Amino acid sequence: MTTLFISDLHLSAERPDITACFLRFMAQETHAIDALYVLGDLFEMWIGDDEDSPFLQQVKQAFKTLTDAGTPCYFIHGNRDFLIGKRFSRETGIIVLPEHTVVDLYGTPTLILHGDTLCIEDQAYQRYRKKVHNPVIQWLFARLPLSYRIKVGDKFRQSSGKNNQAKSQSIMDVTQAEVIRIMRDANVTQMIHGHTHRPDIHNLNIDGLPAQRIVLGDWYDHGSVLVYDANGYQLETRNFNAPISN
């Protein structure tokens, strides 16, 4: 049996190629697995569980089909979809996990997270993150008209892209000392996260013990999947133009 991890799909109606790759992945690769973990930024933007476009219905149905068949699916909020809530969870069967969660992967305790909390050198982002994760602000935002929230989301996407272009790559990457601190606090020697869009496997040393940090890739140019079983793990890609199998 196998456990699959994905993150940073940034699904949106404007990128049907990504959506098609995701739907093909869900239909063809999730039948006989132990679990599917989605480590944040499933969507390019999430402005509330009450949005229900045909595009979103497709995505929800893909998860509902999976969970109705008895396969558990877990989700950790990303920096783009931290407003996903209980209604989405009910409609899809997805189980929303705390932002830092330790899971047992075939005998190896592993810390899973989106990864934005590791980028502490990006102080402007961390200030923004603290503000938008305030429950009062989220409560107020959820009560704004849907049309207004959509406009706010579109404006945020535009400004976020401009801000990231102005930042150095080192600032937007994880801080090694923070990685080690969080892994030490969680008492693990393995971490899996996304967010940085830099898929790789990093070897570390924590208090004299070998450790690994596995970084998931984004889905901008191709699908990215971590395939993990009792024999090990591998980062794999999925071609957007792959044929649909019967």
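Modeller: The structure holds zero disulfides (pairs of cysteine sulfur atoms within 2.5 Å). Cys21 is in none. From Cys21, the nearest cysteine sulfur belongs to Cys73, 16 Å away. This is a predicted model: local features need pLDDT of at least 70, side-chain atom pairs need 80 or more, and totals for chains, interfaces and linings use all residues. Residues are numbered from 1 along each chain as its sequence is written, and side-chain values use heavy atoms, without hydrogens or water.

Cys21 counts as buried because its relative accessibility is 2%. Buried means under 20% relative accessible area, exposed over 50%, partly exposed in between (1.4 Å probe, protein chains only). Cys119 is buried too, with a relative accessible area of 2%.

Now the packing. A nonpolar core is a set of buried Ala, Val, Leu, Ile, Met, Phe, Trp, Tyr and Cys residues joined through side-chain atoms within 4.5 Å. The largest one has 30 residues. Phe22, Leu36, Phe43 and Phe63 have the most contacts inside it. Several elements supply at least two residues each, including helix H1 (16-29), helix H2 (54-68) and strand E10 (223-229). Helices (H or I, at least four residues) and strands (E, at least two) are DSSP runs, numbered from the N terminus. H2 gives the largest share, six residues.

Take Phe22. Beyond its neighbours within four places in sequence, Phe22 is in contact (heavy atoms within 4.5 Å) with Ile6, Leu9, Leu11, Val59, Ala62, Phe63 and Trp219. Another core lies apart, with 15 residues. Ala35, Tyr37, Tyr74 and Leu226 are among them.
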